[in-house]
Structure formats: C-alpha cells, structure tokens
Amino acid sequence: MTAPLLLTAEGDTLFSRIGEDRLRALLWGFYAQVVRDELLGPIFRQRVGPFPGAGWPVHIARLEGFWRAVLGGPSAYRGQPGPAHSNLGAQAVHFDRWLALWQVALDEHLDPAEAHTMLVMASRMRVSLQRFALAGLPTAGLPKAGLAPAGLSTEAGLFIEEGEKS
Ligand code: HEM
C-alpha cells in the first residue's frame, strides 16, 4: 500500500510548510549532486554551464518558481517543462537517476512526509517529461488548458494531471 500524499488545509500549503529557505537549499543541494553524477552531469554542464556559476542561478530560480507553483505557493513561473526536455538526449535511464538523486536530496532536506510527497510528484511528472524527451519534440495534441488545479500554472498542473492518469 502506498502512503497517501501529504494533505493540507486551505491556506496551509506544502510550500508554506517547507518554506523558501528549505526549498532553495533542497534545489541547490540536489543540483550540486546532479552535476557530479557521471550520467547526468555532462548534460547539465553542457546545457547550463559550470556549477554553480554560468546559468545555474537562473536555472535554479526557474526551478524554484516551478516548485513554488506545484506546492501551492506564490510563483511567477510560466515556463514549459516539456519542451525544455525535448532535445537533451535524455532517456529512461536518465530519469531513473534523476529521481534517485532527487530522493536522496529530499530525504536530506525535508521531513519524511514532505519528502515522500515531492518524490511522488516528481515521479508523476516524469511520465510527461520522458514522453517529451523520447519524442525529441513537443508532443502534439497534449491538453494545454483546463487541467490545472486552482493555483497551479497550466504547465505545472498538466504534469500532475498527466501523472495521475497513469
Ligand atoms: C521528473 C524529473 C524531472 C523534473 C521534474 C524536471 C523539471 C525541470 C524543470 C521544471 C525545468 C525548467 C523548464 C523551464 O521552464 O525552462 C527543467 C529544465 C531542465 N531539465 Fe529537467 N526535470 C526532470 C528530469 C530531467 C532529466 C532526466 C534531465 C536530463 C538528463 C533534465 C535536464 C534538464 C535541463 C538540462 C534543463 C534546462 C533546460 C534549458 O534551460 O536549457 N531534467 N527541468
């Protein structure tokens, strides 16, 4: 039996529980490991540059905005995660490794229930992101609107809804 996702009352979001500081520390800690990973490191260094300089502050700020939206916090994120993964050469094995490192970082920075919820969220997003990655192109015909739960950007909501169907 899988543990339920962490439920929050109205106004009590996962973002408000985790907080900006811990979210930032999580993301910087996670990518510090990603760039050192033999499988993922070359892709990220090539795309974003040498860590922690070059494009990293911008990349992590985007990721923070993305996760703020997903976790129910205030966010100006309006990116498109799917197409961002379509020309990286990433395959299933890359997503496996990404999630393994994500789990380690979550366990290090968050409480167990929060870590579990964010791991499940990323596992669900993987379904869509990997589809984009393997197709090499944005997937035609994916629903673009109407799926986002209140408070989420369409893109972030799309990934959660997509995952929940599987
Ligand atoms: C479930 C797993 C993953 C999640 C949730 C995720 C999430 C994201 C998000 C939200 C962005 C920002 C997109 C934007 O608005 O620009 C991003 C960018 C990026 N991701 Fe992922 N990602 C995942 C897996 C991977 C994997 C497996 C790889 C590579 C092997 C990867 C490589 C990248 C790169 C290189 C960028 C930056 C693209 C650019 O700006 O040029 N991601 N990711």
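What you have is a predicted model, in which local features need pLDDT of at least 70 and side-chain atom pairs count only at pLDDT 80 or more, while totals for chains, interfaces and linings use all residues. Residue numbers start from 1 along each chain, following the sequence as written.

Let's start with the overall layout. The protein chain has 8 helices and 0 strands, where helices (H or I, at least four residues) and strands (E, at least two) are DSSP runs numbered from the N terminus. Of its 166 residues, 28% are buried, meaning that 20 or more other C-beta atoms lie within 10 Å of the residue's own; 12 or fewer is exposed, anything in between is partly exposed, and the C-beta atoms are placed from the backbone. Among contacts with a separation of 6 or more, 68% join residues 24 or more positions apart; a contact here is two C-beta atoms, placed from the backbone, within 7 Å.

Now look at helix H2 (residues 20-36). H2 packs against helix H6 (residues 92-109) at about 140°, with the axes 9 Å apart. Those axes are lines fitted to C-alpha atoms, for helices over the stretch in contact, and angles run from 0 to 180 degrees between N-to-C directions. That angle makes H2 oblique to H6, since under 35 degrees is roughly parallel, over 145 roughly antiparallel, 65 to 115 roughly perpendicular and the rest oblique. On the H2 side, the contact includes Ala 25, Leu 26 and Phe 30, and on the H6 side, Leu 101, Trp 102 and Val 104. By class, its residues are 9 nonpolar, 3 polar and 2 charged (Ala, Val, Leu, Ile, Met, Phe, Trp, Tyr, Cys and Pro are nonpolar, Asp, Glu, Lys and Arg charged, and the others, Gly among them, polar).

H2 also meets H3: their axes come within 6 Å and cross at roughly 110°, so H2 is roughly perpendicular to H3. Val 34, Val 35 and Arg 36 of H2 touch Gly 41, Phe 44 and Arg 45 of H3.

On to the ligand. Of the 23 residues around the ligand, Arg 47, Gly 79, Ala 84, Ala 90 and His 94 come nearest; to be near, a residue needs its C-beta atom, placed from the backbone, within 6 Å. Helices H3, H4, H5, H6 and H7 each give two or more residues to this shell, which holds 15 nonpolar, 5 polar and 3 charged residues.

Finally, find His 116 in helix H7 (residues 112-135). His 116 is partly exposed, because 19 other C-beta atoms lie within 10 Å.
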